[in-house]
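Please examine the sequence and the structure before reading the solutions.

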Amino acid sequence: MSLADERARLDAALTEARTAIPNASSTAALTDLERHFAGKRSPASAANEAIKALPGADRPAAGQAVKAYRDAITDLVTQRRVTLAADEGAAAATRERLDLTIGGHARPRGHLHLVTQIRRELEDIFIGLGYRVAEGPEVEDDWHNFEALNIPPAHPARSMQDTLYVRLGTDEQVMLRTHTSPVQIRTMETQPPPIYVVAPGRTYRNETLDARHSPVFHQMEGFAVDRGITMADLFGTIEAFVRHLFDDETIRTRFRSDYFPYTEPSAELAVSCVFCHGRGCRVCSQTGWIELGGCGMVDPNVFTAVGIDPEAWQGFAFGFGLERLAMIRYGIDEIRTFVDNDIRFLEQY
Ligand code: DAH
């Protein structure tokens, strides 16, 4: 074999390597190729063997040719190793990627209970009308819950069936308030007129929980004390708030004569059914009207009880149930669902 043959063989092998090595499909395949082109039984080692048979003068050149070949193979392998490592690293990164956009395990955020939502909405409406929000205790005394409200001792509302008494002090003198009306008394006892106040809150009655009754429910009381207040002010105020709440200008209000010891005259307040617009449906029991609560002009005896001169001041008052308003607005037919704490019900509102 001549030096020229030697070079031709190495060149041929290198040409082959220039296609094969950059296309090695993995680091394992690359190692195999490196062995094939530069290992023990490669063209390089064959050439080294062949050098021994060359004339002495050709040997250095032949040796340099082998070295150049080896260097070229090493360069090719090194380059491919770098690109393969990058590709394989990227593939592993894709497989094991930490995707920060997926979201974590944060607790799902809840929202306000339906009754709280309605309460706040009502507060906003009345604050817009110039009212202030007041609160009173849920454990009341006889004076505020009954006596000062002109409810005489023999009144049926005092019977044990309606009132949940608390065993504290004299019998039947401390109770869970049966309505929010005592806040009228507490407010007038502490503040001179003019007064424009709404008082939302929890109320209690001795009732068994069923579809329509609950021993715990919510009311909102509203009352105004000023000079020259008339029933027209009461009607106008209630109409304004009802239209606001149901967001419906066509809703009509109806006031029918009623009786409450703390108002004179007293009226029952009803609104035209928001579902059938007065035609009659299941929600309004085919009457076209839905009762919301009671109202009237503050009884002079109530003013006298808190030391306000009934000749100088007039006032109106009203009270209604918040669960009832929510039931009407959303067509809910069981008051029980408000306290069942079933998330499937609550999350709908
Ligand atoms: N307190 C009454 C009830 O619980 C509702 C009520 C009626 C409140 C007439 C008032 C009113 O302020 O004037 O059923």
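**Exercise 1: the second largest pocket**

The lining of the second largest pocket comprises 8 nonpolar, 6 polar and 7 charged residues (nonpolar: Ala, Val, Leu, Ile, Met, Phe, Trp, Tyr, Cys and Pro; charged: Asp, Glu, Lys and Arg; polar: the others, Gly among them). The model is predicted: local features need pLDDT of at least 70, side-chain atom pairs count only at pLDDT 80 or more, and totals for chains, interfaces and linings use all residues. Residues are numbered from 1 along each chain as its sequence is written, and side-chain values use heavy atoms, leaving out hydrogens and water.

Task: determine which element gives the most to the lining of the second largest pocket.

Solution. 
1. A pocket is an open set of points on a 1 Å grid over the protein atoms alone, where a 1.4 Å probe fits, with protein on both sides within 12 Å along at least five of seven lines; lining residues have an atom within 4 Å of a point.
2. Val115, Arg119, Gly201, Arg202 and His218 are the closest to the centre, among 21 lining residues.
3. At least two lining residues come from each of α5 (114-128), β4 (195-204), β5 and α11 (337-340) (DSSP runs: helices H or I, at least four residues; strands E, at least two).
4. The element is α5, with 4 residues.
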